[in-house]
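Dear colleague,

I am handing over the structure below, and after it you will find notes on what was found.

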Number of protein chains: 2
Amino acid sequence: MLQGGASLQFSMVPMNLLTPGSAADYIDTGSWAEKAIKEARRVGTVHVTGSTKADHYARIPAQAELELTPGAAYVHMTSNNTIEGTQWNVLPDAGSVPLVSDASSDIFSRPIDIARHGLIYAGAQKNLGPAGVTLVIIREDLLARSADTLHTMLNYSTHVKNDSLYNTPNTFGIYLLGLTMKWLRSQGGLSGIHVINERKAATLYAEIDRTGFYRGTSQKDSRSRMNVTFRLPSEDLEKAFVREAAASGFDGLKGHRLVGGDAGIHL
Amino acid sequence: MLQGGASLQFSMVPMNLLTPGSAADYIDTGSWAEKAIKEARRVGTVHVTGSTKADHYARIPAQAELELTPGAAYVHMTSNNTIEGTQWNVLPDAGSVPLVSDASSDIFSRPIDIARHGLIYAGAQKNLGPAGVTLVIIREDLLARSADTLHTMLNYSTHVKNDSLYNTPNTFGIYLLGLTMKWLRSQGGLSGIHVINERKAATLYAEIDRTGFYRGTSQKDSRSRMNVTFRLPSEDLEKAFVREAAASGFDGLKGHRLVGGDAGIHL
């Protein structure tokens, strides 16, 4: 349990894992991946692979597009792309290279194949608890990469050795996160919540596909179960939709602030 | 408002302010100063000055002991030393060099001469609100020192430009901090709470000085109004004191965990 959000992990991941002389592969599936790439480049060599930017990030790249670097330090992916409404429905095959996943926006929404990851990080505020806590799960052998020259608070080993209590943590946030975990268990754990999330997403996408009136912004095989994004036939209709939704108690449905008013609707 | 506690500021201060080719002066008054020095040395040249380590940190150094470096990047001090029970009762004179103060353990306990500081940082969990929020006050012209090569989350300019909202902050912690600030105002603000704190500390120190039974661990002119530390004639009596205090509802009076059982009593 750390602080600083996923944004600080964009830096801590390469600081700890991108050892001198090696390179890291970053799969570019959206705005958050771009931010992660920007920070990693401050640390070392980054290969951007499988970018779907040319397709407005409307899809997750196929395995064949990835061209992963043999012997890379790690492969970085963004599990779910909040703004673009896409999600990895099958994990990429990184071979023996550790897979690092920014799972901020879909962590614990479905079962996770932990064994296939080298590191998972997630800001708490979407699926885990209140803002101000970040979950990091790291494969124990990768801790050996964290150099002693790293700043104490930016070194994963510090937090592992001290059971996340090197400094005073966000105690209240962690307490609330614990309550959320208990609630998740009461829902049948990750497989239980997965069924619920699939049902919710299927209901929305079925309506989007039924009439042709709504237009999903992500390709069907890349659709996110967490963030359902779509457009209406005109911007005026989108404004009316957001207004009427707000009047019914559904607030903040306009696209993410980073993409301004062009994002259509965002559930 | 940042996250990561004062411990992350031990790194961010030199990362941002200790520009290449310059040196920083660190006044060594205790365990927290030592930690700050350790991180600053990862960034650049550090001159440790005015150390009272030889006196078991039982006092704040006099101005004449400081031997500050002309043209230093900044002078770093620890406003109050929790573990050692000492506090700066008069700010050191740093001349035209910016004074950087770790005020984690006495922030807003008394009026602050903001104009004499270049930067003040304070973890929230002692005097401001719940753990997980860190207050940083920086003089605007010092922001020019933050290099573009710094990691985004570790660059003070990022947080200033974005009104502390570059990433999702610890919203609940900041809300509670706001409530504490309103309460502080209702107490007459910083001068009001100062009177209360002086009265509380004076009551305790008067009792310590009255009988000779208790022995204050810090020199009188360096005594902290925040942390009153003292010993009893024997370790057995100290154990009995802690036990009886706990039975009366005063918990956690044993010295700070960093110094184990040797710290005597800590109010």
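Which residues point one way from β1(A), and which the other way? A23(A), D25(A) and I27(A) point one way, A24(A) and Y26(A) point the other way, and all are buried, where buried means under 20% relative accessible area with a 1.4 Å probe, protein chains only.

Please note that this is a predicted model, in which local features need pLDDT of at least 70 and side-chain atom pairs count only at pLDDT 80 or more, whereas totals for chains, interfaces and linings use all residues. Residues are numbered from 1 along each chain as its sequence is written, chains are lettered from A and ligands numbered from 1 in the order written, and side-chain values use heavy atoms, without hydrogens or water.

Strand β1 of chain A covers residues 23–27, strands being DSSP runs (E, at least two residues) numbered from the N terminus. Because five of its five residues are buried, β1(A) is largely enclosed by the rest of the structure. β1(A) pairs in the parallel sense with β2(A), residues 45–49, over five bridges (pairing requires that DSSP finds at least two bridges), and A24(A) stands opposite V46(A) in β2(A).

Turning to the interface, 31 residues from chain A and 31 residues from chain B take part in the contact, which is defined by heavy atoms within 4.5 Å.

Best regards

How values were computed: Buried < 20%, exposed > 50% of the residue type's maximum accessible area, 1.4 Å probe, protein only. Helix = DSSP H or I, 4+ residues; strand = E, 2+ residues; numbered from the N terminus.
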